[in-house]
Amino acid sequence: MRQFKYIIMLAFIGIGIGSFFSLLSITLNQAIFSLTQFALLMTMSAIMGILSIIFDYDKFSFMTQLVLHFVLEMLTYLIFIALTFGKTSISLTNIPTFVIIYLAIFLYMRQQGHDNARRINEQLANKKHS
């Protein structure tokens with residue numbers, strides 16, 4: 001049950017990030033999405049969030065996890081954008097945007113991980129000295 005809750009949490013994180021970037025895209029491009037397009041984008045976002053579970057498997061090196069995660073995220077993006085807009089050319093022309101967004105999210109999450117590890121280590125050091 002705990003694993004199911006974790007997967008649902010990852011899906012909602014993905015939906016949150018996807019919603020932010022979809023809203024940004026709609027605002028900047030003054031576009032209008034149909035209900036079907038919106039549903040496909042949110043499904044894509046949920047799947048992309050769930051794919052983060054790759055980083056929980058210690059059997060792979062971090063670099064293997066990162067490359068595998070990036071490739072799966074890119075494939076998910078290409079498939080769903082092609083399904084959503086009916087053109088693969090849209091997916092291909094947006095690859096640089098995808099890479100920039102991926103890097104931005106990755107760097108943010110990496111920084112958060114370092115900050116969390118630092119706080120945990122400080123708390124452990126404080127308990128050790130107490």
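Guide: A nonpolar core is here a set of buried Ala, Val, Leu, Ile, Met, Phe, Trp, Tyr and Cys residues joined through side-chain atoms within 4.5 Å. Buried means under 20% relative accessible area, exposed over 50%, and partly exposed in between, with a 1.4 Å probe and protein chains only. The model is predicted, so local features need pLDDT of at least 70 and side-chain atom pairs count only at pLDDT 80 or more, while totals for chains, interfaces and linings use all residues. Residues are numbered from 1 along each chain as its sequence is written, and side-chain values use heavy atoms, with hydrogens and water left out.

The largest nonpolar core has 13 residues. Those with the most contacts inside this core are Leu41, Met44, Met48, Tyr77, Ile81, Phe98 and Tyr102. Two or more core residues come from each of helix H2 (35-50), helix H3 (62-85) and helix H5 (95-129); helices are DSSP runs of H or I with at least four residues, numbered from the N terminus. H3 gives the most, with 5 residues. In soluble globular proteins, nonpolar side chains tend to be buried together.

Met48 touches His69, Glu73, Thr76, Tyr77 and Phe98, residues up to four places away in sequence not being counted. Contact means heavy atoms within 4.5 Å. Gln37, in helix H2, is buried, with a relative accessible area of 17%. Leaving aside neighbours within four places in sequence, Gln37 is in contact with Ile32, Thr84 and Phe85.

Next come the rings. Rings of Phe, Tyr and Trp (its six-membered ring) pair if their centres lie within 6.5 Å; planes under 30 degrees apart count as stacked, over 60 as edge-to-face and the rest as tilted. The whole structure has 6 aromatic pairs. In one of them, Phe70 and Tyr102 have ring centres 5.0 Å apart and planes at 85°, so the pair is edge-to-face. Phe70 lies in helix H3 and Tyr102 in helix H5, so this pair ties together parts that are 32 residues apart in sequence. Tyr102 is buried, at 10% relative accessible area, whereas Phe70, at 25%, counts as partly exposed. Ring pairs link Phe70, Tyr77, Phe98 and Tyr102 into a cluster.

Helix H1 (residues 2-29) has 28 residues, which should span 40 Å at 1.5 Å a residue; the end C-alpha atoms are 40 Å apart, which agrees. The expected span is 1.5 Å times one less than the number of residues. Buried residues in H1 are Leu10, Ala11, Gly14, Gly18 and Ser22, and H2 is included in what covers the buried residues of H1. Ser19, also in H1, is partly exposed at 29% relative accessible area. The C-alpha atoms of Ser19 and Leu41 are 8.3 Å apart, at a separation of 22 residues along the chain. After H1 comes Gln30, with a positive phi near 50°.

Last, the open space. On a 1 Å grid over the protein atoms alone, a pocket is an open set of points where a 1.4 Å probe fits, with protein on both sides within 12 Å along at least five of seven lines; lining residues have an atom within 4 Å of a point. The largest pocket holds about 1,400 Å³. Of its 44 lining residues, the closest to the centre are Ile17, Glu73, Ile101, Tyr102 and Ile105. H1, H2, H3 and H5 each supply at least two lining residues, and H1 gives the most, with 14.

Note on methods: Points joined across faces, edges and corners; volume = space filled by probe spheres on them.
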